[in-house]
Amino acid sequence: MPEITVERLTKRYGETLAVDDLSFVVEAGRVTGFLGPNGSGKSTTMRALLGLIRPTNGRALVQGRPFHELSNPVRTVGASLDASDVHPGRTGRSHLRTLSAAAGLPNSRVDEVLDMTELTPARDRRVKGYSMGMRQRLALAAALLGDPKILMLDEPANGLDPQGMRWLRDILVALAAEGRAVLISSHVLSEVEQTVDSVVVIGAGRLVMQGSLQDLIAGDSRPALVRSPRRDELRDLLEQAGADVTVDGRSDRMLVHRASLEQIGTLAAEHGIPVFELTRALSTLEDRFLELTGESGNVR
Amino acid sequence: MRILRSEWLKLVSVPTTWILLGTMLLVEGLAAGLVTGLADIEELRARNPATLLIGTPLSTVLIFTLGALLATNEYRHGTANQTFLITPRREQVIAAKLAVGLVVGVVAALLYIAVNAGLALSTLSNRGVPVDGDLAVDVYSGVGVGLVLGCIFGVALGALLRNQILTIVIGLVLFLVRGVIALFIGTDVGKYFPGEALLAVQGTPGTKETLLSQVDAGLVLGATCLALAIAGVAVTRYREIT
């Protein structure tokens, strides 16, 4: 049985259709990226899964049951919906203690999750003095309090610096490796592409695709970013081979469309042209989403 | 017990709680000490035991506000998400908040009485102004019950309305314009309003003829709190947390 099952979920707020007949599953032992542009229904879906809002139609189930029917919700699901969901006047430790007390967990567990999230040095500081990255860590610490089998994190990478991103990636991968189901939402593909095993992409509240990250990337038509000291020479060769090339001023960079990384690398090697960088240009999920759907990702 | 402990921790772990309680005691202490220490003795004799009520309206407002924050901080700061994830049976959370509100009200009332009695009674005694013991007990009982119900009223109204500013504004209107409602709609109906009932509960001088008796007013105010609490629980159970 999947850890999370969303079955023909629909949520309507008056005239606004936030989630539209959405179905997907999340399995244990994997990090699943829940991807979609802002306003595409990711948070609404998570709130339905967590029993905070009622579906208009369909079902959102955790371990086959609605959230409110779970016998031990704290041990089953840990969630972070917004890193700002904390009273700024509390210390990080007292915030977690209010939660651990409600869950019947010992104070020692608070210290454990503070250690896990590397917040111990800041545990007695008021949260209003925390950076966004520290608040994200605190939110993750709260989600981990009950040592849950399922983690749901809404935009956990928001506000993290590169070091924090790496830390988040490592801890999420490690948690999934322990057999947990991890569902993380994001509107920026590049934020999660090194973390997730599989993806659920939605737009306008509808499922666009579900599959592995490779499935998503397979159709990737983002341009290649190429840096070469013999840029113009390589550009001519690429254009002769049928690629579209956009040069970047006087720098050694160019963006190459309609050519795979392999084709570009091979062509450069065949002509002995040194290449300093060859990668996919970063793009937002909105770009990828528009490629997939060919329509606006806005909520109707 | 788990949820009670959590709600208690939520209350004592924010500075606002201590600021409100401290302000209440400071204002009450200053008011009681200065009035009984500096006012004309004949005036004090004439106003006795009303002197003991000095500072009561502001204290009630502060304690009501504390109760309102206890309920509405969850929504103001978004902690309702985690609270209801850990305790999906939301009525238990509201019940725990009401229980904590009751305890806070009792503690605040005892502190109020201790400060007022310690300063006002001793100063009046030193200045030779006799205070009828039975009257003092009546006044303190009324003030104490008023503070307790004021706090619970804040929790219940906050649970119902959720919006912090709206809750506090409505509460302040009820407490600060009390008496005005009765003036406009007549005391026959107006005396049952929360503000008027609170005046009567606290034994405010000049209200005996127009408002309910202390006991009846206490029952009316208690029933109002209960009705608000039930409505708050019902609304919270079905409310969507967005």
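Residues are numbered from 1 along each chain as its sequence is written, and chains are lettered from A and ligands numbered from 1 in the order in which they are written. Local features need pLDDT of at least 70 and side-chain atom pairs count only at pLDDT 80 or more, whereas totals for chains, interfaces and linings use all residues; side-chain values use heavy atoms, with hydrogens and water left out.

The model scores ipTM 0.87 and pTM 0.83. Where pLDDT is low, the predicted coordinates should not be read in detail. Among the elements of chain B, the mean pLDDT is highest in helix α1 (residues 2-12), at 94, and lowest in helix α9 (residues 180-185), at 65.

Chain A contains eleven helices and 13 strands, taken as DSSP runs numbered from the N terminus (helices H or I, at least four residues; strands E, at least two). Its C-alpha atoms fill a box of roughly 70 × 45 × 35 Å along the principal axes. Of its 300 residues, 53% count as buried, that is, under 20% relative accessible area, with exposed over 50% and partly exposed in between (1.4 Å probe, protein chains only). Among contacts in chain A with a separation of 6 or more, 67% join residues 24 or more positions apart.

Strand β10 (residues 224-227) of chain A pairs in the antiparallel sense with strand β12 (residues 253-257) over four bridges and with strand β13 (residues 277-280), also over four bridges; pairing requires at least two DSSP bridges between two strands. A:Val226 has A:Met254 as its bridge partner in β12(A) and stands opposite A:Leu278 in β13(A).

On chain B, helix α6 (residues 90-126) supplies three residues, the largest share, of a nonpolar patch. B:Val103 lies in this helix and counts as partly exposed because its relative accessibility is 39%.

Key:
Contact means heavy atoms within 4.5 Å. pLDDT is the predictor's confidence in each residue, from 0 to 100.
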